[in-house]
Each structure stands twice: as structure tokens, then as C-alpha cells.
Amino acid sequence: MNRGIPFSSVLMMSFGFAFLYAPIVILIIFSFNSGKLVSVWSGFSTHWYAELLQNEQILEAVWVSVRIAVVNATIATILGTLGAYALARFGAFRGRTLFTGMMAAPLVMPDVITGLATLLLFVGIGWTRGISTITIAHITFSLAFVAVIVRARISSLDQSLEEAAMDLGARPVKTFLVITIPMLAPALVAGWLLAFTLSLDDLVIASFVSGPGASTLPMVVFSKVRLGVSPEINALGTLIVLLVTLCVVLAAWVFHRQEQGRLRDQQAAERG
Amino acid sequence: MANNPSNSPDKASTVAERNSRFGIPGRYLVVSAPYIWLLIFFLAPFVLVLKISFSSAIIAQPPYTALFDWSAGLVPDIKGTLDSYRFLFWDDLYVVAYLNSIKIALISTIICLLIGYPMAYGIARAPGNWRNVLLMLVILPFWTSFLIRVYAWIGILKNNGILNNALIGLGLIDQPLPMLHSDFSVYVGIVYTYLPFMILPLYANLARMDESLLEAASDLGCRPWKAFISVTLPLSFAGIVAGSMLVFIPAVGEFVIPELLGGPDTLMIGKILWNEFFRNRDWPVASAVAVAMLVFLVIPIVIFQHFQAREDRD
């Protein structure tokens, strides 16, 4: 039932969404500014996009960041899913309290602490710093975020399918691979995408654990922003917003269709 | 076979119980990969931070002294020092930065709650289709580059920025307000960045609240506002705590926002830690700053985990 939304809530929602989106809209508008200022309009131009696509440093950083993000997202999704499955389905096991703690703490731990701590580990064991160390550090916090998403999905799953498979003699590993994983698919995709963007977005941890020659996109953007604003960064931001919006809308649409298909199948099955 | 009682499935058994079929070795195999990973790359580093905070800085690689001297034989000679901690407590800079970080994080959390609660409430009450769209609108900014969204505020808050130009254009002010590089812009940046973290747990909590309680209250003559205070608000307590912790804890250690939007006198502990490490190259003091921050954050982190665990049981 719908009791209606109170007026104060509507007011705050309008304000809140304006607050969340105004900077993004302004960012996009000024990426097409012909002048160098990011606050005074002086005419339409795509000049800054051309400039951006010729900036070797940024292009190289994009490539470094994307490689890290893909490896990170893949490993974090595997580890996060295993962790989420253990927490959701295994009941009590030895060391569960510590495990729960380690799966939740990265969600809130300030980046500067995680960054410093992880760096000290790599220095302590004498690991050469670079792309590999950034990837490892990213996996560590990403897997906790993946686990949150996957766990929410596991707890909303209908367990009877897994039970049916096991009743029919499927071994637990096979049940997990053939029944559980496909049912978790939307959460796995969402988790992968989240881990990917978290990695692409991280400045602080990467700065701590990076070595010479490994500059991620946020590290390059940060050093540019420190020197002052530039419409080139606006152009970059616009491209990122565009790409993310496309991905999110596409993913939402695919899942929506899938869910509807599943519901139809279910209804058909119930009708016999 | 179906008639064989020993083989017939027990209807009451849950998947959790059936997973015992994974067998003890199987279960440990599943849990051990993430477990070992977190032990090595999450827990061990904190032990190292603690260890190095008791060392002293030297110009070498790595730039700190060894805590244990094994040259004497089987029993190591412990060369720990409290110098870094003494330094933290004697120098006003650190104490002030500490208190200031907590103040800024606390006020930002309250502002996020004041904006986020009505928003989450509105989304939870919105009709089905709208609900998903609104929820997506909350999540979407979270997926786009945080750094670039913070950067966008520079162009808005600058002296010759969009907001000042607009206010002057409207004739409300004749001198630009110095909004950028002040505590004000840090608050704007933190509230802006962390607002979705407040809204999402609140929404999750409010969306599954049992409506019949509110109906009962209104049937019994309770006015909507009173029903909100005495029914909805207490029931959403877990969501309020989860959201507040997701904002407060990372905000205390925030670096990027005070660095880009704050002024030279905006002291925050995350910025201090960064500077100790990258500018002064004093790893032991940076570690001591981290340990001191953690000691303070342990209580909110434990509260957060407690509520996470409680949500899991529901």
C-alpha cells in the first residue's frame, strides 16, 4: 500500500537530488566551454576533448587503471563471493567472528590507514611496488564490497532449488556451480562492476602502494587538479559519467528483462 | 529409492545444514581463500603499522629502525620507542587536527542524516517504478569518479566561480564570498560525497518496515507526526546507526576533500598522515598517527560491525 509521500520528504528529495546532480551537470556543460575557465562561459567547443585524446600521460594512465581494475574486479568477485557464501550459509565455524570483522572493516576503514598499512606490508616483505601491489591492495577492499552485494542476493534466494538439486543427487560443488552461481549472476555482475569502479576511483591507496612508473588515472588527475582547474579534466569527467550511466542503465535493463522472464517462466511452470 | 526412508529428504533441513555435505574439508576450502587473503593483506598490515609506530625514523631504505635486534641471540633485544607518540601529544598541531577531524566528521554526519532521512523515507514510500528510478539516481553518482565530482565543486565555489557569479548577478552580494578553501567547502564536499552512503542503509531499513504498525497507530488516533516519532524513527534505528557509521568513520580520515577544497588552516588528521608520509618521509610518526586514529575509530567500527551482524541475522 502507498500512504503517500509527505511534503517535507518531497521537498528534501528535490533539494537532495539537485545537490547530487548540479555539480555533474555543471561539469558536463563546462567541458564544452571554449575558454580556459571552468566557470565563465565563452562559447561552445569540443576543443578540450581533442586535447584530452592527445594527452599521452592521461591515455597511458587510463590503460594502467583499466588493467588494474579488470584484474581486481575479477579476483575480488571470486573471493568476495566465496566469503559471502561462507558467511551466509555455513552457520558457525571456527574463526567466524574474526572473518566477519575482516569482511566488514574495509567498508569503513579510512583510505589513508589502509594505504599506509598495506604499503608497510609490501616494504616489509620486500615486494617491488607497482601495478601488482596496487592490484592486491584494491582486491583487499573491493572483495568486502562485492561480498555485501552477493550476500544480499544470497539471502533473498529461494533455497528450494538448491535443495531439489541435492535431493536429486547433485554433489554440493556441482549444485553450487550449476544452480547457485547462475542464480547469483545479477549480483556477481553488479559486484564485478562495483569492484571495477572502486578500483578506477581510488587515489589514496594507490598513491601509497604505487611504485615508480605506475601512475593510475586518479593519480594523474590529482596532480593536474592540484595545479589548478582545467577544462580537460571536465572533458574526462564527462566521458566517465557518460560511460558509467550507459553501463548502469544497460545493466538495469538487462536484469529487469531477465527478472521478468524468470517470473513468466515461474508462472508458466506453476500453471503446468 | 524414494520409498526408502533413510534416503528421503528431510523437509525441514536447510541448505545450511545440507552444506555439511560440503564436508568439513570442503567448507574450509571455500572459506580459506578469502580468509587467508584478508589475514595477509588486511590484518597483518595493521600489526606492522603498530610495530613501526614504535620505531624511530632514519634515513635509509626502509626509513625506520628495526624493532627487534636479533643479533644478541635467541631472545631479541627490543628497541621500541614511544618517541612518535610523545611527539603526537606534545605538538598541538596533531591534537587540534584530531579534534577538528572528529568535529567536521560529526557535523557532516548530522547534516547527511537530516538530508538523507527524508530522502530515504520518500524513496521507500514512492510507488514501485519510481522507487527503482530514484534509487538508481542515488547510486549513480557513487559510480562516477569521486575525484572528478569533488573537483567539480572547485569551479562552483571559487571566488570567480559559478555560485559567486550567480549571487553577484542576482545582486545578493557585491563581494564574492570566500567559500572555497574554507571549512564550509569541506562540509559541502563531505556531505556531497557521503550522502548516498547515508541514504542506502536507511532506505533498506525503511523499505522493509512493517506498515501495519503505522496503520495501527493511526487507527488508534495517533497523528502522523507523532506516529513517525514514536513508531518509524525508533524502528529505523539500525539504519540510522549503519548510515551514520558509513559516513562518520571514513570522513574522520578523509584526505582528498580537505586537500582539494579545504584551506591551509583546515586541519584534518588524514591530511596530516599523508604529509608525514609523503612530505616528511617520517614513517614511524605516520604510523603513530594511524594507530591513534584507529584507537579512536575502534569503537564506531565495532558498533558498525555489530549492526551489520544484526542485519545479517534478520
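Is R281(B) buried or exposed, counting C-beta neighbours inside 10 Å? The model is a predicted one, in which local features need pLDDT of at least 70, side-chain atom pairs count only at pLDDT 80 or more, and totals for chains, interfaces and linings use all residues. Residues are numbered from 1 along each chain as its sequence is written, while chains are lettered from A and ligands numbered from 1 in the order in which they are written.

**Figure 1. Where chain A meets chain B.** The contact draws on 75 residues of chain A and 83 residues of chain B; two residues are in contact if their C-beta atoms, placed from the backbone, lie within 7 Å. On the chain A side, helix α1 (residues 7-31) gives the most, with 14 residues. Helices here are DSSP runs (H or I, at least four residues), numbered from the N terminus. The chain A side divides into 52 nonpolar, 16 polar and seven charged residues. Ala, Val, Leu, Ile, Met, Phe, Trp, Tyr, Cys and Pro count as nonpolar, Asp, Glu, Lys and Arg as charged, and the others, Gly among them, as polar.

**Figure 2. Helices α4 and α8 of chain B cross.** The axes of α4 (residues 92-125) and α8 (residues 183-207) of chain B come within 7 Å and cross at roughly 45°. α4(B) and α8(B) are therefore oblique to each other, as angles under 35 degrees count as roughly parallel, over 145 as roughly antiparallel, 65 to 115 as roughly perpendicular and the rest as oblique. Their contact holds 24 nonpolar residues, two polar and no charged.

**Figure 3. Two loop residues of chain B with positive phi.** Most residues other than glycine have a negative phi. H181(B), in the loop between α7 (162-169) and α8 of chain B, has a phi near 60°. R281(B), in the loop between α13 (269-278) and α14 (283-313) of chain B, has a phi near 55°. H181(B) is partly exposed, with 19 other C-beta atoms within 10 Å, and R281(B) counts as exposed because it has 12 C-beta neighbours inside 10 Å. The cut-offs are 20 or more other C-beta atoms within 10 Å for buried, 12 or fewer for exposed, and in between for partly exposed.

**Figure 4. The surroundings of G83(A).** G83(A) sits in helix α3 (residues 56-89) of chain A and is buried, with 27 other C-beta atoms within 10 Å. Not counting residues up to four places away in sequence, G83(A) touches M103(A), L143(A), A147(A) and P34(B).

Methods
Axes are lines fitted to C-alpha atoms, for helices over the stretch in contact, and angles run from 0 to 180 degrees between N-to-C directions.
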